[in-house]
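Dear colleague,

Please find the structure below, handed over for your further work. My findings follow directly after it.

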Protein chains: 4
Amino acid sequence: MSIRVAVNGYGVIGKRVADAVRLMPDMDLVGVADVASDWRIRTAVGLDIDVYAATTPATAAMREAGVSMAGSLADLLGQIDVVVDTTPKKVAATNLPSYRAAGVKAVLQGGESHATTGHSFVAQANYASAVGRDLTRVVSCNTTSMVRVLGALQGAGLLARARGVLIRRATDPGESHQGGIMNTLVPESTIPSHQGPDAQTVLPDLDVVTIAAKASHTQTHAHFWTLQLTRSASRQEVLEALRAAPRIAFIRMTDGLTALNTTVELMRDLGRPRGDMWEVALWEDVLSVAEAEAFLTYQVHNEAIVVPETIDAIRALSGTVTDGATSIAMTDKALGMRHRFLPAPVRLHDRVH
Amino acid sequence: MSIRVAVNGYGVIGKRVADAVRLMPDMDLVGVADVASDWRIRTAVGLDIDVYAATTPATAAMREAGVSMAGSLADLLGQIDVVVDTTPKKVAATNLPSYRAAGVKAVLQGGESHATTGHSFVAQANYASAVGRDLTRVVSCNTTSMVRVLGALQGAGLLARARGVLIRRATDPGESHQGGIMNTLVPESTIPSHQGPDAQTVLPDLDVVTIAAKASHTQTHAHFWTLQLTRSASRQEVLEALRAAPRIAFIRMTDGLTALNTTVELMRDLGRPRGDMWEVALWEDVLSVAEAEAFLTYQVHNEAIVVPETIDAIRALSGTVTDGATSIAMTDKALGMRHRFLPAPVRLHDRVH
Amino acid sequence: MSIRVAVNGYGVIGKRVADAVRLMPDMDLVGVADVASDWRIRTAVGLDIDVYAATTPATAAMREAGVSMAGSLADLLGQIDVVVDTTPKKVAATNLPSYRAAGVKAVLQGGESHATTGHSFVAQANYASAVGRDLTRVVSCNTTSMVRVLGALQGAGLLARARGVLIRRATDPGESHQGGIMNTLVPESTIPSHQGPDAQTVLPDLDVVTIAAKASHTQTHAHFWTLQLTRSASRQEVLEALRAAPRIAFIRMTDGLTALNTTVELMRDLGRPRGDMWEVALWEDVLSVAEAEAFLTYQVHNEAIVVPETIDAIRALSGTVTDGATSIAMTDKALGMRHRFLPAPVRLHDRVH
Amino acid sequence: MSIRVAVNGYGVIGKRVADAVRLMPDMDLVGVADVASDWRIRTAVGLDIDVYAATTPATAAMREAGVSMAGSLADLLGQIDVVVDTTPKKVAATNLPSYRAAGVKAVLQGGESHATTGHSFVAQANYASAVGRDLTRVVSCNTTSMVRVLGALQGAGLLARARGVLIRRATDPGESHQGGIMNTLVPESTIPSHQGPDAQTVLPDLDVVTIAAKASHTQTHAHFWTLQLTRSASRQEVLEALRAAPRIAFIRMTDGLTALNTTVELMRDLGRPRGDMWEVALWEDVLSVAEAEAFLTYQVHNEAIVVPETIDAIRALSGTVTDGATSIAMTDKALGMRHRFLPAPVRLHDRVH
C-alpha cells in the first residue's frame, strides 16, 4: 500500500517535492495546500494536482480568484499518512498542533529549528534514527550539502577540521523581481554563520566553521572548503571517499563546466524537470590535496537538493522502509540521479578491443 | 515516410531544434553536427543522439576528447532530406555549397541575411511560399515575434504604423560566464535598428521602426509597442485580432505574472523542456487602446521562439505538407503549445449550474 | 544677504542638495534633518554639516548612537528661509503644517503629488510662476528630463506628439543590498505610466504617452522616444532646438560613450562630486529624423538631475532672483554644468591656420 | 626639486595614479601616454593633462580623432625621472627597453611577473629595499591587501597560517558594457590561486593558500580569511595588531555598512575622487577569534588600493625619501587617507565632562 502524502506550502521546495512524490512507486500525492491564489497555485491545478486552501482567508481568496479547490487543509490531513511542510520559515512550528491532532506524521524543512522537531535529517547520515518517528526536519540546502560532503570524509576517517566559505545566491529565480541584491555582495554580519552548528545537529562530532555571504546571482550556492585532514593523504584517497557517498556528482572544469551557470545549463540539457540538480556537483579537477590539507569547491542547487532527502524522510517516518541505503536507491532511481552527468569518454582502444 | 533531418550546430537553437524534431511524428533526427568537443556535445551523446564532426579539426578534437562520433558532416548529409543550419552568425552561408553538393534542402537562421536564401520564413505569414523550395531562412527571435503580433493586426486590417522599443537580454544563460554586460544598459548605436527591415522581408508592407538596447539580464526579450491603428478601435477588437493568431499566448499582471522571470518560472513549472516558451507571451491586461492608438508589451523567449517556426520550415521545404495551418497545428500539438498557460478560473456559478 | 536653507531628509537627493546649496554664492546651508542614526547621517557630521533630529524618536536614536546633534527639526526651521523636503515619498505632505507654522517656504520633491503643492517646477519651463510662492514641487527625475527635452522641442514649435519608453534603474547603488530586481525586467502594469501626466503638470499642452519598466541595473534611466513632429524637419533643426535648451549635454557613441556605465565613468573622470550628472545626456549621433518623425535616446542620472532644479526652486521661492535664466546660469556655473563633456576635437588645419 | 613623473597607460589605474601624482607636494606630472583616442583620453585633455601618443599608430589615431597631443612617448620619457607603467597585462615587459634607453626608472603593476622586475613592492612591507632601484612592481590589488593585513599580523608575531577565499568583482564599472559575467559565479580552475605565491614575493615567509572566484558584481573584491594563529589570542590583540598597520580602515556592520555597495556609497559621500577607497576596509565587528583561530572579512577597492603604493614606489625609486614610514605619511596625508571613515560617536558624558 502506498504512503499517502500531502505537501503544505506549494513554493520553491513544495512544488518540487510534490513532483517527486508523484514519481515514487511507493507514494501517492493526495494533494497540496497553499495560501496563494495566483499563477503559482493555478499551475498546480493545471498539472492535475488537487489543491486545498491552507487557511480560511486562503479559501476565500482562492474562491474569489476562481482556483479550483478540493477542500481545506483539515480535509487534506484527514486523508494522508505524512505531510511535508514547506511553508515559509517559522510557520511550520505553528502548524504542528494541527498535524498532531490529525494524527499525521510530518517532515519539516531547514527553516525550522532543530528543537522544533528533536530530529534533523540527512538520509546518508541518519536515516535509521528517523524510522517510525512522528516528526523530523530535513536540514537546509547548505547544510545538506555539507553533511553529504564533509560526512563522507568524516566517515572515511579523513576529516579533522573543516573551514568553509559559503557564497549564496541572493534570491530564487522565480522571485527575483521582488527582492534581491544588485551589483554587490553581502557578507553575513557574524562569523561563524549558522550552517556549521546546523550540520552538527546531524553530525555532532564535526569540527566545522562557516563564513557566509550573498552574491549577486539567483542560481545556486558555491562552497569553498579548506579541510584539515587527520593525516597526510593522497588526492586519490580523498576522491574515493567522496565517490563512495551517494548524491555527490563529479564535474570538471576541463569539460567546460567552468561556472555555476554552465552546470545549470547542463541540467536543462539533460531534460531535468525545472532544470533541477539534486546532487552536489563537486569539481573533481579543482580538488587539491597538499599533505594533510585538502581544498575543494562544489555547487549546490538550493531549489532542488533537499528534494530527495525529503522523499527519504517521508519513507523513514512511514516506517515502510527501514534501511537508509534501500530508500536512497529507490529515490535516486525514480528521480534519475547520477554520479556523473556526462557519458564517459570513449577511447579509441576501447573501441578496437 | 518520415522527413530525415540533420541539425548542423548543436548550440542554443540547434539543441532545441533537435529535441523538437524528435517529437514530431513525421520527422526523424538522423544526427547532429558540431565543432565542440566539451560537455555541450557530450550531452547529445548522453541523449542517444548520433553526433557528427562538422569539420576536420573537429573530428580530431572530438576523438581526442573521447566523444563518441558517428562520422563526418558529409556522412550525415548523405543520409538526410533537410539540414537545419544553426551554426553561429555568418557561418551558414559558407556551408551552402556543401548542402547543394549533397542535394539536401536547408533551413538557415536569422543570423544570416535574406539575400543568402532569397526567402525569409515565419509560418503564419508565408508558409505557402516556402513549400518545395531548396532554401529558406527562419527569421530571428525578435523578428519572429514582430511578424506574429504585428502581422496579426495587419492581417485584421487594423495596423497603420508600428513603433517599437526592443529591450534584449544581453547574453544567454548558458554562456553568461564568458561575456555579457553588467549593471548597465547598452543602446544600439543606430535608429532604426535592423529588426524593422528584417520583418519587412516577411511582411513587405509593414510600416515599422524599431529602437533596440541590451539590458543586464540573461533571460528573454521584452518589446514595447506604440501602434497607430487604421481607425479608432476598441480594446476588444485588438485583442480578438491577436487571439486569432497562432503562437501568441496571453498572460496577465493580475495573475502575478509581473516580470520576465515570473513567466520563465511558469515555464519551468509547466514542465516545459529546458523551460522553453515557444509562444509570444503578451500581457493582456497591459494592452491599452486609446482612439486610434494601441500600446502593448510582450515577452520573447529568444532561445525557443524560432523552434516551431524551424519545424514548419523543414516541413515546407520537404513539400510533405502544403498547407501552413496544417503544419502549424501538427507542430503545436507535438510540442504542447498553448494560447493560455493557466487553467481558466472556475466561477462558483459555473460549478453550480 | 544669503538665503538660509535647510534640508529635511538626508538621503539620495537630500545629501546632494545639501552639497549644492553649500556651493551656491547666495545660499547658506543651516543644517540637515533626518531620522537615520547610522553611517549615512554620521557622514554629514564628518562633513561639518549641522545635523538635526527630524522626529522625537530620531532624537533618542541619534543620542543612543552618539551622533553629534545640533537640535530638533523645529530648532532648524526657526533659523531658515526655505526648507527642501527630501523625505521619502508621501512623507513631505505630512510635514507641511510644521513648515507653515514655522513660516518657512518649502520645496518638495516629485514623490509628492501636484495637488499637495499646487505648483510643479522645472526651471527652464516655469521658473517665473514660482517666484515668491510659499510652496512648489520639483518634479521627479524622469519628468524633469522629459520637460527639458520635450519642452525644448515644443518651445521650438516642432513637437506634435511624444511616445516614450522609459527603462528605469531598479534601485539606487547605495541601497542595492536591500532590495532590487535580479536578472529580470519588470514592466509597469499600466500603460500609460504616470510620467506623461506628471509632465503635463508643468507643460499642460504636451501630447505625451509613456510606457515604463525597471531593468536590472542600479545606475541611471534610459529614455527612448518616438516623436511626431509638427512638420517635416531636418536633423539639424531638431538638434538646434535641443542645443538651445539649458541642461542637455550631447554625447556620442562614436566617442566610445556607448552605454549607461560609460557616461557614469566619464562623470567620475571629470571629478564630479559623487559622479553626478545633472544634465540630460542625449546621444547626438543616435538622434534620427525621418520626414516628420524623430527618434532619440538619452540618459538620466536619477540621483542628480533634480539637484539644479531644486536650487533654482529655492531661489524662486525666496524671490531674490526673479528671472529664470539668471538663476539657471548662477546654478549651472556654481555646479560646473556643461553642454559638452569632452573638449572639442582639435583639427590639424585649426592649428596650422 | 620635484620628482618628474609620467604615466604610460591612462586606464583604470593610470588615470588614478595621474591624479594622485598631481596631489603630491614633491612630484610633477609631466604627462600621460596612451593608445586610446576616444572619450577616455580626451577626458585627460579636458583636465589639462599633457597627452602623448604611446605608439606610432596611436599618433595617427589621435590626430584623426582630433585629440590634442603634446608628442610621442619618447618625447615624454625625455623629460622625466620615473615612469609608471599601467598598460594592460604583459605589455609593460615589452616597454622596459625603451625605459632603459631613456634612462628613466620604472614602476610596473601587478599584471607583470615578479621576474620582470626582480622586486615586488608594498610600502609597509619593503619600502627600504626599493630605495634607489631602477625598477619595481607594485603588486596587484588583491595581493596588496593581503600583504597589508596578513603582514600586520605576521609582523606582530601572531600569524601561523592563512587560508583565504577571494571573491573578486568580475569587471570594472567603466568597462562593464563590453565583457563580464551575468547571474553566475566563476571559480578559478586551480587551487591554490596565484595570489598566495604573489604575496610571498613580498613576504617570503607567509604560509598562505588562496581560493579565488569571480562574482556577478563590478565593484570591489571581498576576502574571507581563516587564520591559524601562533597561539591563543584575544580578539583585542588581533585588532590592535591590525590597527597598528597603515592603510587599513575599520568599518562596522552595526553602523549600517553591511555590504560592498554601502562602503562604495560612503566613499562617494566622503567626496573621494572617483569614489576611491585606497584603504583596505576591514569589518571590525565581524572579526572573530576563537582560541588560536581568527576569522576576518575585508573589502578591497581594486581600482584604487594600489594608488598610494604606486606613489610610494615612485618616491622609493627616486631615492628622495629613504624612510618608508615618512613616504607613507606624506602620501596618506596628501590623499586624505584614514583609519576610520566616520566621526567617532559622541557620548553624552563626553560632552558633560
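Chain A contains 14 helices and 16 strands. Please note that the model is a predicted one.

**Overall form of chain A**

The radius of gyration of chain A is 21 Å, close to the 20 Å that the globule rule gives for 353 residues, so chain A is as compact as a globular protein of that length. Along the principal axes, its C-alpha atoms fill a box of roughly 60 × 50 × 40 Å. Of the 353 residues in chain A, 64% are buried. Among the contacts in chain A with a separation of 6 or more, 72% are between residues 24 or more positions apart.

**Helix packing in chain B**

In chain B, helix α7 (residues 123-130) packs with helix α12 (residues 306-318) at an angle of about 20°, and their axes lie 9 Å apart. Angles under 35 degrees count as roughly parallel, and α7(B) and α12(B) are therefore roughly parallel to each other. The crossing in which α7(B) passes α12(B) is right-handed. On the side of α7(B), the contact is made by A123(B), Y127(B) and A130(B), while α12(B) supplies E309(B), D312(B), R315(B), A316(B) and L317(B). By class, this contact of α7(B) with α12(B) has five nonpolar and three charged residues, with no polar ones.

**Helix packing in chain D**

In chain D, helix α1 (residues 12-23) and helix α12 (residues 306-318) pack at an angle of about 60°, with 9 Å between their axes. The two helices α1(D) and α12(D) are therefore oblique to each other. As to handedness, α1(D) passes α12(D) in a right-handed crossing. From α1(D), the residues in the contact are I13(D), R16(D), V17(D), A20(D) and V21(D); from α12(D), they are V306(D), V307(D), T310(D), I311(D) and I314(D). Eight residues of the contact of α1(D) with α12(D) are nonpolar, one is polar and one is charged.

Is R268(B) buried or exposed? With a relative accessible area of 13%, R268(B) is buried, because buried means under 20% relative accessible area. R268(B) belongs to helix α11 (residues 260-269) of chain B. Leaving aside neighbours within four places in sequence, R268(B) is in contact with R16(A), P173(A), R274(A), D276(A), H301(A) and E303(A) of chain A, and with G275(B) of chain B.

Yours sincerely

Technical notes: Residues are numbered from 1 along each chain as its sequence is written. Chains are lettered from A and ligands numbered from 1 in the order in which they are written. This is a predicted model: local features need pLDDT of at least 70, side-chain atom pairs count only at pLDDT 80 or more; totals for chains, interfaces and linings use all residues. Side-chain values use heavy atoms; hydrogens and water are left out. Axes are lines fitted to C-alpha atoms, for helices over the stretch in contact, and angles run from 0 to 180 degrees between N-to-C directions. Helices (H or I, at least four residues) and strands (E, at least two) are DSSP runs, numbered from the N terminus. Angles under 35 degrees count as roughly parallel, over 145 as roughly antiparallel, 65 to 115 as roughly perpendicular and the rest as oblique. A crossing is left-handed if the near helix is turned anticlockwise from the far one by less than a right angle, and right-handed if clockwise. Contact means heavy atoms within 4.5 Å. Ala, Val, Leu, Ile, Met, Phe, Trp, Tyr, Cys and Pro count as nonpolar, Asp, Glu, Lys and Arg as charged, and the others, Gly among them, as polar. The radius of gyration is taken over C-alpha atoms; the globule rule is 2.2 Å times the number of residues to the power 0.38. Buried means under 20% relative accessible area, exposed over 50%, partly exposed in between (1.4 Å probe, protein chains only).
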